[in-house]
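Hi everyone, thanks for making time for this.

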Amino acid sequence: MTTTPEKADKKDKESGLLRKGSSSKKPLKEKVVQIYESFFKGEDPSLGNPNFWDEFFLMKANVAYIEKAFSKMTPEQLVALKDNINLLCHRCILTLKEDYQIRVVNALQTMCALIRGVYGKSLGDYGFDIINILVGFDAAEVQMQRLIESVHSILTGDNPAGLKTLSLKLLLILVTATDNVSQNTILEYIMINSVFESVVQILANPMSRQVHGHDALLLLTILVNYRKYESVNPYIVKLSILDDELALNGLGWVISSALTEFNRKYKEKKEEPQSGWLSSITSMVGNIFVGDSDSVSAKVRTNDSILLALYEAVHLNRNFITVLTTSHTETSSGPSSPTTTRAVEGTREGPLPSTPPPDSSQTTNHMVTFLQYCSIVMQDIKDEQRLCSFKLCLVILTCIAEDQYANSFLHDANMNFVVHLYRMPMRHRKIAVPNTSSRPLACAWLDLTVEFIVTHMMKDFPMELYMRCLGIVHRLLCYQKKCRVRLQYTWKDLWTALINLVKFMIAQEAHLASRHNIFYLAIKVVNLFNLFITYGDTFLPSPTSYDELYYEVIRMHTVFDNLYSMALRHATNHGEHKDSATRLTNALVNIRAIVNHFTPKIDSWSAANHLSSLTEDQVLEVVRSNYDTLTLKLQESLDQYERYAEKPKESAFFTQLVRSIISDFRKSISVATLQQETVLQEFSHIH
């Protein structure tokens, strides 16, 4: 029987569906909004209607209305509505088990809105508990188990991509609901009812990870950081022992794809043509105050969640190092090509963006992508967010540099790669020509550290980053010394950079010494030279390289003399850094012995041959002739370093980083994201 508009209008009036005082000519409220209003008034419109919930979840959820309603509530009103909110959550969770996907979508969206609404009110200093308001203390364990089981079934089953996306968004909204993830008590239920296996299945599936990989990885990363310093976190345990090759490769692919996209955007911005005289003048004036690369890199936002995921994988799982070092052609980004069409699980997502490389036959790996990413990020560390990102990059490189397998790969003369590192334009050096030679990856690592050392001697001195950078160089040298690896590298570049760093510290002593313990950094520099001097004959590529080391030390002896004088002055005046200054004077003993031994020999040879100045070859000849009479002191522990440990030194850094990532996600998620038309369009054929 067909209902006429007149009868429907009459029926609506009788059931009170129109606004008070409205006429039939005024627009009706959505029926679902009227139902929400009843619930938020403390009423239960489902009473006496056995079909209520079946019909309710067929109606399109109005996420915007729910969130707005919560925003208007007082804490007292929210507590008073506890039973109705419990009921709505309970019914949403039950509906997730249904086969009728329209209902499941609406239940997911409603649940997302309820969680965001309740947590949104908890930002103040209210005395109520989130778990009790959402699902009720007594039923929490059962309800959360049902919720996680249903989401797991959706994520691992043969369901449309939109449904899986919404399920992941629900979990992400839950785990990012508080600024400090460790204060989000409801996550205890996700510790008990694990979603780790769901994430692993997504990452292991080449098609699924293209659509859901980023969200799945973000979810895993945040869960790994839940109370990681306070108790045993099952996600840390499971990630550390994960040996599923497909899942690990998928994890690497998601990370590398995001980094590749960042590199691509930077390259595009850098190559953007400047049109018009006004643009040229603006660019020129702007670059007086900020470097060209700074302004370009600032336009491309870094993705700290991806970096943190990379860190957790490298730090926790030794199997992941193999993924980082596995080679593939540059036409793919790992196990599956990023150009594969997204015809995924019941929905067409369209082709992924691709950037064909200039040489499609070129061999690369995820490490190459990451090194290029590092070279971009480090150009703009005046920005606090970039500085934190680059610090994390250096921490990741430190962890990798401590791994024996990674080092064997980095130094393998048979595994060569071309790494296009970006270099910062500087007024005192020519425009850099990229090094396109194929070399072991350790060479690119050293190039990256040299570039950082050279380009960041500034008033706002990044002391911690320099310490980490030198620590990475030290770890590489320790491996080379231990395994007698003779890396074919232009070591003079590193020596020159280190000497220039010392010159900078001496010149800026008054400014730097009041802010940093520069003697500690100087000790690191000097001990790198000591490592070369004491053991260089076992790992430098040739005897000539060892001779060149002595030549550089002798040629720049004034720098080391000045450094010794500065250290001696601070060691004897009972200043703040007396102990470090004293250690520095002791560390300089062999460098001073070399200078004091060879300088008279060179002067004598010069006088005997009636020459006022000598060429490099002539100095080297004197050096080679007088090695035998040189006496050096054997210094201990030059090839030892303190292994990286996150706790306790870095705990605060990672806690703040996770806060920032959670904040970024919360800003990115919106009503539009949760209620996009495309989600329901996937199911439009089901009625």
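First, some ground rules. This is a predicted model, so keep in mind that local features need pLDDT of at least 70, side-chain atom pairs count only at pLDDT 80 or more, and totals for chains, interfaces and linings use all residues. Residues are numbered from 1 along each chain as its sequence is written, and side-chain values use heavy atoms, with hydrogens and water left out.

Okay, the overall picture. The chain has 35 helices and six strands. When I say helix or strand, I mean DSSP runs, numbered from the N terminus: H or I with at least four residues for helices, E with at least two for strands. There are 687 residues, and 53% of them count as buried. Buried here is under 20% relative accessible area, exposed is over 50%, and partly exposed is in between, with a 1.4 Å probe and protein chains only. The chain exposes about 31800 Å², with 52% of that supplied by carbon and sulfur atoms. Those areas come from the Shrake-Rupley method with a 1.4 Å probe, and for residues only the protein chains shown count as cover.

Now contacts, meaning heavy atoms within 4.5 Å. Take the contacts between residues at least 6 apart in sequence: 79% of them join residues at least 24 apart.

On to the spaces. Everything is done on a 1 Å grid over the protein atoms alone: a cavity is a set of points where a 1.4 Å probe fits but cannot get out, while a pocket is an open set with protein on both sides within 12 Å along at least five of seven lines. Lining residues have an atom within 4 Å of a point. Grid points are joined across faces, edges and corners, and a volume is the space filled by probe spheres set on the points.

Let's look at the second largest pocket, which holds about 1000 Å³ of space. Its lining has 31 residues, and M467, R475, Y520, K524 and E642 are the ones nearest its centre. Which helix gives the largest share of that lining? That's α24, with eight residues. Helices α24 (463–483), α27 (518–539) and α30 (578–587) each supply at least two. By type, the lining has 12 nonpolar, eight polar and 11 charged residues. For those labels, Ala, Val, Leu, Ile, Met, Phe, Trp, Tyr, Cys and Pro are nonpolar, Asp, Glu, Lys and Arg are charged, and the others, Gly among them, are polar.

The largest cavity has about 50 Å³ of space, and α13 gives the most to its lining, with four residues. Seven of its lining residues are nonpolar, one is polar and one is charged. The second largest cavity has a volume of about 40 Å³, and β6 (439–440) and α23 (441–455) each supply at least two residues of its lining.

In α30, the buried residues are S580, A581, L584, T585 and A587. They cover an arc of only 160° around the axis, so they sit on the same side of α30. That arc is taken from the directions from the helix axis to the C-beta atoms. The cover over these buried residues includes α27, α29 (557–572) and α31 (589–608). In α24, we find Q480, which is buried with a relative accessible area of 0%. Leaving aside neighbours within four places in sequence, Q480 is in contact with H411, V485, L487, W491 and F539.

Last bit: some backbone details. Most residues other than glycine have a negative phi, and most peptide bonds are trans. Here, R227 has a positive phi of about 45° without being a glycine. R227 lies in the loop between α13 and α14 (234–241) and is partly exposed, at 21% relative accessible area. H610 also has a positive phi, about 55°. H610 is in the loop between α31 and α32, and at 73% relative accessibility it counts as exposed. Then there's a cis peptide bond joining K647 and P648, with omega about 10°. P648 is in the loop between α32 (616–625) and α33.
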